[in-house]
Amino acid sequence: MSIFQITLIVGIVMQSVCLLLTAIRFAIGPTLPDRVTAFDLFVANVIGIIVIFTELTNNEDFIDVAIILSLFGFLGSISFAYYIMRITK
Amino acid sequence: METSIDWELVREIASCVFILSGAGFMLIASIGLLRFPDFYIRMSAITKGSTLGLGLILMGMAIYFNQPGILLKVLVIIAFTYITAPVAAHVIGRTAVQNGIAFWEKTNLKEFREYLTKHRLERQINQDRYTEEAPVTMEKDGGAGDVAGKV
């Protein structure tokens, strides 16, 4: 295992710590918009993990997963914001 | 004299630097999401930090693969993220302001409070007009009620 692969695994571990901190905020978030922003950061972290995994395994097919996930993350946060706007009026 | 450069090693080093800095930015954004005192400050932290970190990680991968197709896909993801992240943050922040999510007590809110009082006063004036017009004509009241329900 070369230094390059060790560096990529360190990057994945940092992203996993990010996911853990975001999950704590998702659990204790006082309001619903806090949880929506935590979900936004979830999606960004998962895209980062997929990209580093693509580089680690040298398989170029996983980038399409990142494209679709970035699209659906935007749709998810917009629809959650619309839902919050509708349930309080 | 050795003039041949090992481009594989150069690409690996550049990719490692980009990916580690991007992961560091995302870690900073996540710590900010956990530690900041207010919803709006938290949203500011994660919008900037996660967008920049994701862009750095994607550029690191594009440098490592060194192919035009991969670079095109990476640029598509970066452009989409850079366009949609501020839009989503703005929509969520506007919804939070409309729902009255509490601010931090040290936030300087003087001008914003003036704006809010003016906004709410205008809304109350409009509601007073509706209630004044209500007993005069019943049909217009029904139409206004439908419009208010749709809006």
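**Figure 1. Fold of chain A in the predicted model.** Chain A reads α-α-α along its sequence. Three helices and zero strands make up its count of elements (helices are DSSP runs of H or I with at least four residues, strands runs of E with at least two, numbered from the N terminus). This is a predicted model: local features need pLDDT of at least 70, side-chain atom pairs count only at pLDDT 80 or more, and totals for chains, interfaces and linings use all residues. Residues are numbered from 1 along each chain as its sequence is written, with chains lettered from A and ligands numbered from 1 in the order in which they are written.

**Figure 2. Dimensions of chain A.** The C-alpha trace spans about 55 × 25 × 10 Å along its principal axes. Chain A has a radius of gyration of 16 Å, well over the 12 Å from the globule rule for 89 residues, so it is more spread out than a compact globule (radius taken over C-alpha atoms; rule, 2.2 Å times the number of residues to the power 0.38).

Figure 3. Ala27(A) sits in helix H1 (residues 3–28) of chain A.

**Figure 4. Contact between chains A and B.** Chain A gives 41 residues and chain B 39 (contact: C-beta atoms, placed from the backbone, within 7 Å). On the side of chain B that touches chain A, H3(B) supplies the largest share, 14 residues.

Key: Contact = placed C-beta atoms within 7 Å.
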